[in-house]
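Subject: Handover of the two-chain model

Dear colleague,

Please find the structure below, followed by an account of what was found in it. I would be grateful if you could read the account with the structure open.

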Amino acid sequence: MSGACLLAEHGAQILVLDEQPAPGGQIYRAVERVATQGRTALDRLGGEYAAGVALAARFRASGCAYWPGSTVWQVTPERSVWVSRNGRSVHLRADVILLATGAMERPVPVPGWTLPGVMTVGAVQILLKSAALLPSVPFVLAGSGPLPLLVAQQCLAAGARPAAFLDTGSPSNMFAAMRHLPGALGLPARRMLAKGLALRAALRRSGVRVFRNVRDMRIEGDHAAEAIRFRSGRAEHRVEAQLVALHDGVIPSQQITRLVGCAHVWDARQRCFRPQLDDWGNSSVEGVMVAGDAAGIGGAASAALAGRLAAFEALRLLGRIDAAQRDKWAAADRRAMRAERAVRPLLERMFPPRPEILCPADDVVVCRCEEVTAGALRQAVAQGCQGPNQAKSFLRCGMGPCQGRLCGPVVTEVIAAARGQTIEETGYFRIRPPLKPVTLGEIALLET
Amino acid sequence: MFRRFDKDDTPLEFFFEGRRVTARLGDTVAAALLAGGAGPFRLTPASRAPRAPYCLMGLCFDCLVEIDGVANRQACMVPVASGMRVRRQPGPPSVA
Ligand SMILES: Cc1cc2nc3c(=O)[nH]c(=O)nc-3n(C[C@H](O)[C@H](O)[C@H](O)COP(=O)(O)OP(=O)(O)OC[C@H]3O[C@@H](n4cnc5c(N)ncnc54)[C@H](O)[C@@H]3O)c2cc1C
Ligand code: FES
């Protein structure tokens with residue numbers, strides 16, 4: 001949105017395609033609608049959320065063409081784009097494409113995670129923001145990092161109390177992270193740490209039962225979630241809950257950048273693949289740029305800055321400004337970006353993903369669509385399966401409707417560990433069009 | 001499994017498995033069904049295990065339902081409309 005505003009304000013001809021029905025992305029989802037319900041409704045979701053009102057208004061006023069409710073299902077290196085909208089597909093061509101498809105929550109494969117009633121923490125938040133829905137059954141939030149704390153607060157503010165909060169962060173990571181404090185202590189870092197501490201304090205005050213250093217989670221239930229069992233400290237616990245919300249950080253959505261054929265690199269600190277980019281967001285494919293969390297997790301403020309930096313570069317690519325002009329205009333955003341970035345190493349060390357979900361036990365389902373377990377995957381490796389793309393033919397793993405979105409990261413980790421290879425050597429699923437199922441009728445009707 | 005926490009000014013009705021469900025304008029089909037206590041959305045093709053939404057942002061496809069006769073629609077991405085006919089998916093073949 002920030003990049004689009006800037007481009008439109010400089011007279012570039014730009015079209016914004018978004019699957020969501022209204023502006024906002026993840027952080028400001030449904031912000032216009034919530035704003036119509038008044039200040040209290042906005043405040044329940046926290047001060048940062050309210051900042052989306054002004055951004056959405058600026059975006060609407062910027063004059064850029066905007067197609068909400070549009071799903072991009074194919075992008076080629078020649079910069080052809082196919083998009084499905086109101087049941088019809090349209091083919092477009094662009095001189096520059098800026099991919100800003102954001103992040104997804106890292107999949108949390110634990111026993112029972114496929115049961116109805118198990119969701120991501122982000123999913124609970126989506127219902128809260130976009131549909132004014134709150135859990136009406138006993139529920140548990142389980143995870144580490146900022147999002148579970150924020151969502152706990154948002155639930156409490158709106159009137160729902162979790163039966164328990166399961167903190168899966170590890171104290172030793174917290175201590176290790178402290179070494180990065182000095183490097184991180186710019187203004188953005190202080191703001192972030194203060195926010196985190198305030199959320200923790202609020203949770204303590206609320207009196208919600210909090211379990212720390214939670215491990216070995218297992219969700220129980222025959223046809224739907226009934227309870228969650230876990231270890232905390234030395235004791236084993238069981239909490240009844242018909243809704244269990246899981247979270248373990250976010251990773252870039254790599255479906256679309258893989259589809260285009262952008263080169264990716266393994267980010268060992270964030271433990272995820274991200275597209276290989278230069279300082280402006282240019283990918284390895286000419287004219288295809290990436291900004292925001294899809295480029296590597298940086299958070300909302302840095303996503304907005306990256307969008308602006310990419311927009312300045314796009315103006316140069318379009319021949320509207322030269323490099324000197326671009327550098328001059330971008331200087332302030334570039335400085336702000338450096339300050340934002342300084343805080344990431346601290347966060348990354350505080351909340352690394354847990355080994356037990358990166359490489360789950362044999363009985364845990366990894367591929368939800370085709371119901372393939374980690375054990376089956378290891379067995380396939382023993383029988384000669386050499387990588388993620390071969391796992392498709394061995395097990396249909398990654399070939400269901402989600403096209404490997406949820407199993408991809410885990411499949412790579414499990415195969416790498418089983419073969420004693422690095423993640424880079426193991427690689428990732430090849431992603432093919434269409435990114436989302438489109439009917440044959442829709443393709444036949446294609447408007448070009 | 002979920003309840004509204006603010007007043008609803010624009011209610012509408014649609015059908016799930018032939019049963020009337022109240023939703024509100026702007027809901028996705030998935031949100032409306034979760035508010036309406038729908039239970040599982042689909043059964044898996046492989047083992048007929050029940051599934052319901054996991055991500056609500058278009059990634060997991062566990063919300064696949066049949067809408068107005070068209071199978072494999074992502075309930076979490078489709079806005080609900082008055083009179084819509086939604087059905088559970090009893091384990092169809094994969095679409096990929
Ligand atoms: C579930 C979830 C909840 C989060 N909640 C918060 C929060 O409350 N506070 C916070 O500070 N941070 C939150 N984050 C992190 C936050 O999302 C990011 O820091 C920030 O939103 C990144 O902005 P972005 O523009 O890169 O991507 P996003 O805001 O995620 O925007 C990406 C957009 O791309 C669209 N899109 C993706 N694929 C396609 C396609 N194929 N076709 C068309 N459109 C497509 C999506 O619909 C979306 O609107 C959350 C992340 C997730 C995953
Ligand atoms: S709930 Fe995950 S795709 Fe709809």
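Between chain B and chain A there is one salt bridge, a term used here for a side-chain nitrogen of Lys or Arg within 4 Å of a carboxyl oxygen of Asp or Glu. It is formed by the side chains of Arg368(A) and Asp62(B), at 2.7 Å from N to O. Chain B and chain A also share 16 residue pairs in polar contact, both residues being at pLDDT 80 or more. A polar contact is a pair of N or O atoms within 3.5 Å; within protein, one must be able to donate a hydrogen and the other to accept it, and residues adjacent in sequence count only if both atoms are side-chain atoms.

On the side of chain B that touches chain A, the elements giving two or more residues are strand S1 (2–4), helix H1 (29–35) and strand S5 (50–51) of chain B. Helices (H or I, at least four residues) and strands (E, at least two) are DSSP runs, numbered from the N terminus. By class, that side of chain B has 23 nonpolar, six polar and seven charged residues. Here Ala, Val, Leu, Ile, Met, Phe, Trp, Tyr, Cys and Pro count as nonpolar, Asp, Glu, Lys and Arg as charged, and the others, Gly among them, as polar.

This is a predicted model, in which local features need pLDDT of at least 70 and side-chain atom pairs count only at pLDDT 80 or more, while totals for chains, interfaces and linings use all residues. Residues are numbered from 1 along each chain as its sequence is written, chains are lettered from A and ligands numbered from 1 in the order in which they are written, and side-chain values use heavy atoms, with hydrogens and water left out.

In the interface, 36 residues of chain B are in contact (heavy atoms within 4.5 Å) with 47 residues of chain A. The area buried between the two chains is about 3800 Å², of which carbon and sulfur atoms give 61%; buried area is the accessible area (1.4 Å probe) that two parts lose on being put together, summed over both. Strand S9 (residues 133–135) of chain A runs antiparallel to S1(B), joined to it by three bridges. Two strands are taken to pair if DSSP finds at least two bridges between them. Phe2(B) in S1(B) is the bridge partner of Pro135(A).

Turning to the separate chains, chain A contains 19 helices and 22 strands. The radius of gyration of chain A is 22 Å, close to the 22 Å that the globule rule gives for 448 residues, so chain A is as compact as a globular protein of that length. This radius is taken over C-alpha atoms, and the rule is 2.2 Å times the number of residues to the power 0.38. Chain B has one helix and nine strands, in the order β-β-β-α-β-β-β-β-β-β along the sequence.

Within chain A, strands S13 (residues 214–220) and S14 (residues 227–232) pair in the antiparallel sense over five bridges. Arg231(A) in S14(A) is the bridge partner of Arg215(A). Gly221(A), in the hairpin of these strands, takes a positive phi near 150 degrees.

The peptide bond from Pro433(A) to Pro434(A) is cis, with omega near -10 degrees.

Yours sincerely
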